[in-house]
Amino acid sequence: MIRTRFAPSPTGPLHLGHAYAAFLAHDMSRAAGGQFLLRIEDIDQSRARPEWEALILEDLAWLGLAWDGPVMRQSDRMPAYRAALDRLWAMGLLYPCSCSRRDIAEALAAPQEGAEPVIGPDGPVYPGTCLPTAPPSGPRPTDRHLRLDMARAMARLGPDPGFTETGPTHAGRFPIDPTAARHEIGDIVLARRDMGTSYHLSVVVDDAAQQITHVTRGEDLFEATRIHVILQRLLDLPTPLYHHHRLIRDEDGKRLAKRDDARALRLYRTEGVTPQEIRRRTGL
């Protein structure tokens, strides 16, 4: 059975881009007689607000989108994320890091580097300042960021790590090259000191828990898919099919963001715009 999901963060109002993503995931599952699930990605408790979550549910109901089963909230899932981190720590694939963003920027700007920093899915690729010569031992620390030792991680993966993309721009099979993973992704943070987890870890664990078969999301997350497939392989989780769709942009070509209140669905609702018109405005 096809299972898709819509996974917004309750940090602001939904806009036209969210409507397009929700429509696409919903329609894909329903056309195949599958299930459409809802997940609230609220691990950033400093920004998440219950009133934004309530508005998300109202907007989806107004759009005519019904989801199957209960809503999953990431804030309820910390034990699952800790278990995944414990497993990766026991495998010797994590190490603590105390670098700030300023520390990383200064290290990458040092003259001996001799080249422009590589920009990966999470920004500038980490220069390895805190990378130990051997995997750390003892209990997993919780007072610092935890990074994935990408070199060790790729060495553990079996042959042909990769994923299948069904989206309109990148359709095909995409292998993950170990050298490229080390140099283009690097040692990403899997647990932030202030959250106890990260987007990349949480989304992988949650997609598996919800048995998602088809991940539909914006094309801006295409490069991050390599991170997610690597984590799926390390944690013995299934890899779904991926469908990265176009982004809804404004008149100047900029992707919509939650600060674009003029395109918030709640305003369209109050102005009397119909859900059918929202579909038309998103190109569906």
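**View 1. The largest nonpolar core of this predicted model has 36 residues.** L88, L94, L148, L190, L201, I230 and L234 have the most contacts inside this core. A nonpolar core here is a set of buried Ala, Val, Leu, Ile, Met, Phe, Trp, Tyr and Cys residues joined through side-chain atoms within 4.5 Å. Buried stands for under 20% relative accessible area, exposed for over 50%, and partly exposed for values in between, with a 1.4 Å probe and protein chains only. At least two core residues come from each of α3 (78-90), β7, α5 (150-156), α6 (178-185), β10, α7 (199-209) and α8 (225-234). Helix α3 gives the largest share, six residues. Helices (H or I, at least four residues) and strands (E, at least two) are DSSP runs numbered from the N terminus. L88 touches L93, L94, L190, L201, L231, L234 and L235, leaving out residues up to four places away in sequence; contact is heavy atoms within 4.5 Å. Another core, of 23 residues, lies apart from the largest one and has F6, A19, I40 and V71 among its members. In soluble globular proteins, nonpolar side chains tend to be buried together.

Conventions for all views: residues are numbered from 1 along each chain as its sequence is written, and side-chain values use heavy atoms, without hydrogens or water. The model is predicted, so local features need pLDDT of at least 70 and side-chain atom pairs count only at pLDDT 80 or more, while totals for chains, interfaces and linings use all residues.

**View 2. Strands β4, β7 and β10 form an open antiparallel sheet in the order β4-β7-β10.** The edges are β4 (94-97) and β10 (189-191), each pairing on one side only. On average, neighbouring strands of this sheet are turned by 45° against each other, direction ignored. Four bridges connect β4 with β7 (residues 145-148) in the antiparallel sense; two strands count as paired if DSSP finds at least two bridges between them.

**View 3. A parallel open sheet has the strand order β1-β2-β3.** Its edge strands, β1 and β3 (72-73), each pair on one side only. Strand β1 (residues 3-6) runs parallel to β2 and is joined to β2 by four bridges. R5 is placed opposite L37 in β2, and F6 is opposite L38 in β2. Five of the six residues of β2 are buried, so this strand is largely enclosed by the rest of the structure. Helix α1 lies across β1 and β2 and runs at about 165° to β1. Helix α2 also packs on the sheet, where α2 touches β1, β2 and β3 and its direction makes about 160° with that of β2. Axes are lines fitted to C-alpha atoms, for helices over the stretch in contact, and angles between N-to-C directions run from 0 to 180 degrees.

**View 4. Helix α1 (residues 16-31) has 16 residues.** From first to last C-alpha, α1 reaches 22 Å, close to the 22 Å expected at 1.5 Å a residue; the expected span is 1.5 Å times one less than the number of residues. Because 12 of its 16 residues are buried, α1 is largely enclosed by the rest of the structure. The buried residues include L16, H18, Y20, F23, L24 and S29. Just after the helix, G33 has a positive phi of about 70°.

**View 5. A48 sits in the loop between β2 (35-40) and α2 (50-63).** Its relative accessibility is 13%, so A48 counts as buried. With neighbours within four places in sequence set aside, A48 is in contact with P10, T11 and D42. R182 is 134 residues from A48 in sequence, and the two are 33 Å apart in space, C-alpha to C-alpha.

**View 6. C97, C99 and C130 are shown in a structure with zero disulfides.** A disulfide is a covalent bond between the sulfur atoms of two cysteines; the cut-off applied is a pair of cysteine sulfur atoms within 2.5 Å. For C97, the closest cysteine sulfur belongs to C99 at 3.9 Å, which is too far for a bond. C97 is buried, with a relative accessible area of 0%. C130 is likewise in no disulfide, and its nearest cysteine sulfur, that of C99, is 3.6 Å away. At 24% relative accessibility, C130 is partly exposed.
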